[in-house]
Amino acid sequence: MSGVRRIARWGLWFGGSLVLLSAFLIGIDVLLRKFLALSIGGADELAGYALAIGTAWGLGAALLDRAHIRIDSLYVLFAQKVRLSLDLAAMVMLLGFFALVLWHGWGVLAQSWTSDSRSQSALETPTVIPLSLWIAGLVAFIAVGVALLVQAFRLMAAGDLSGAARLISTRSAEEEVEDEIRDLQQRQARESGG
C-alpha cells in the first residue's frame, strides 16, 4: 500500500498545482483586464482543464485519506460487520461509477484522436492533451480504489475487521479529533524545535 499512497500523494500535488496555477493565471488575466484592458485569452479554458485534471488526480488521495463525504447518521448505529458491508458496497459502486465515466471518457478521447479535435477557442487546444491527462487521473483513481478494496478483503479474510474499517470506512468523530490533536502536537514540536 505504500506505493499506492506514494502515487496518490503525487497525484494530489500534481492536481493541486494545476488548480493553483490556474487560479494564478486567472488572477493575472483579471488584473490585466482591469488595468490595461488586455487579456491573456484562454485563461478560462485552461482553468477548466486544470480543474478537471486536478480533480481526477486528487481523487485517489481523498479516497486513501477517507476524505469523501458520506452521510452517516444511521451508519454509526449499525454493528461493525454491517457497516463494513455498507462500506464495501459503497466502494464497489463508487469504483463502478468512475469506471463508467472512464469508459465513456476513453471513447471521447479516441474520437478526439481520430478527428484531430481542437477546442473552439483562440487557443485551439488539441483536446487529446487535456483528455489524456484527465483519463490518466481517472485510471490512477480506479487503481487506488481497487488496491484499497483488495487490501480490505485481505484484512477481512485474516479477521482484522478494524484494519479493514480503517482503510475504507467513514472516519469517526474520534478519529478526526485524534488526527487534529496529533497535527497540533507535531506543529508544536516543529515550532519549539525550530
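## Ile168 and its contacts

Leaving aside residues up to four places away in sequence, Ile168 touches Arg66, Arg70, Leu84, Asp87, Leu88, Met91, Leu148 and Ala152. Contact here means heavy atoms within 4.5 Å.

This is a predicted model: local features need pLDDT of at least 70, side-chain atom pairs count only at pLDDT 80 or more, and totals for chains, interfaces and linings use all residues. Side-chain values use heavy atoms, with hydrogens and water left out, and residues are numbered from 1 along each chain as its sequence is written.

## The nonpolar core

The largest nonpolar core has 29 residues. Those touching the most other members are Leu64, Met91, Phe98, Phe141, Val144, Leu148 and Ile168. Such a core is a set of buried Ala, Val, Leu, Ile, Met, Phe, Trp, Tyr and Cys residues joined through side-chain atoms within 4.5 Å.

Helices α1, α2, α3, α4 and α5 (161-168) each supply at least two residues of this core. Helix α4 gives the most, with 11 residues. Helices are DSSP runs (H or I, at least four residues), numbered from the N terminus.

## Ser112

Ser112 sits in helix α3 (residues 80-115). Ser112 counts as buried because its relative accessibility is 8%; buried means under 20% relative accessible area, exposed over 50%, partly exposed in between (1.4 Å probe, protein chains only). Not counting residues up to four places away in sequence, Ser112 touches Ser117, Thr127, Val128 and Leu131.

## Positive phi in two loops

Ala37 lies in the loop between α1 (2-36) and α2 (43-64). Its phi is near 55 degrees, a positive value in a residue other than glycine. Ala37 is exposed, at 70% relative accessible area.

Glu124 is in the loop between α3 and α4 (128-157). Glu124, also a residue other than glycine, has a positive phi near 50 degrees. With a relative accessible area of 47%, Glu124 is partly exposed.
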